[in-house]
Amino acid sequence: MNWIILIIAGLFEVAFASCLGKAKTTTGTEMYYWYIGFLISLTVSMLLLMKATETLPLGTAYAVWTGIGAVGTVLVGIFVFKEPAAFWRLFFLATLVGSIVGLKAVSH
């Protein structure tokens, strides 16, 4: 169950990074809504990470959490913010995914 909590925490990390990206492209009241979304997503992500680390190894949980955030944020950048999807960027993203899967596989 804590692996599922950790994955959800990682998705909220993607959400808070995405909110930051949207906030910098907007102005006025809309910008503040994105910052509020950032704060809510950040809080939920941290609380879920804290819950997951009650039973999962801290180093593994943190690495998986940041990995999910990094991979998700890059994908949001590519699909939402129209960032480049160059070969080497996708190659290293794939190696990151492989590392995350490997960490989960060797953790108890």
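In which kind of crossing does H3 pass H4, left-handed or right-handed? The crossing of H3 over H4 is left-handed, a label used when the near helix is turned anticlockwise from the far one by less than a right angle (right-handed if clockwise).

## Before we start

You're looking at a predicted model, where local features need pLDDT of at least 70, side-chain atom pairs count only at pLDDT 80 or more, and totals for chains, interfaces and linings use all residues. Residues are numbered from 1 along each chain as its sequence is written, and side-chain values use heavy atoms, with hydrogens and water left out.

## H3 and H4

Helices here are DSSP runs (H or I, at least four residues), numbered from the N terminus. H3 packs against helix H4 (residues 87-106) at about 150 degrees, and their axes lie 10 Å apart. That makes the two roughly antiparallel. For angles, under 35 degrees counts as roughly parallel, over 145 as roughly antiparallel, 65 to 115 as roughly perpendicular and the rest as oblique. Axes are lines fitted to C-alpha atoms, for helices over the stretch in contact, and angles run from 0 to 180 degrees between N-to-C directions.

Contact means heavy atoms within 4.5 Å. On the H3 side, the residues involved include Ala 63, Val 71 and Ile 78, and they meet a set in H4 that includes Arg 89, Leu 93 and Ile 100. Sort the residues of this contact and you get 14 nonpolar, 2 polar and 1 charged. The classes are nonpolar (Ala, Val, Leu, Ile, Met, Phe, Trp, Tyr, Cys and Pro), charged (Asp, Glu, Lys and Arg) and polar (the others, Gly among them).

## H1 and H3

H1 meets H3 at about 40 degrees, with axes 8 Å apart. That makes H1 oblique to H3, and H1 passes H3 in a right-handed crossing. Among the H1 residues taking part are Trp 3, Glu 13 and Ser 18, while H3 brings residues including Trp 65 and Gly 69. This contact has 12 nonpolar, 7 polar and 1 charged residues.

Helix H2 covers residues 28-52, which is 25 residues, and reaches 37 Å from first C-alpha to last, close to the expected 36 Å. The expected span is 1.5 Å times one less than the number of residues.

Which residues of H2 are buried? They are Gly 37, Phe 38, Ser 41, Ser 45, Leu 49 and Ala 52, and they pack against H1 (2-23) and H3 (58-79). Take Ser 41: it counts as buried because its relative accessibility is 7%. (Buried is under 20% relative accessible area, exposed over 50%, partly exposed in between, with a 1.4 Å probe and protein chains only.) Leaving aside neighbours within four places in sequence, Ser 41 is in contact with Phe 12, Ala 15 and Phe 16.
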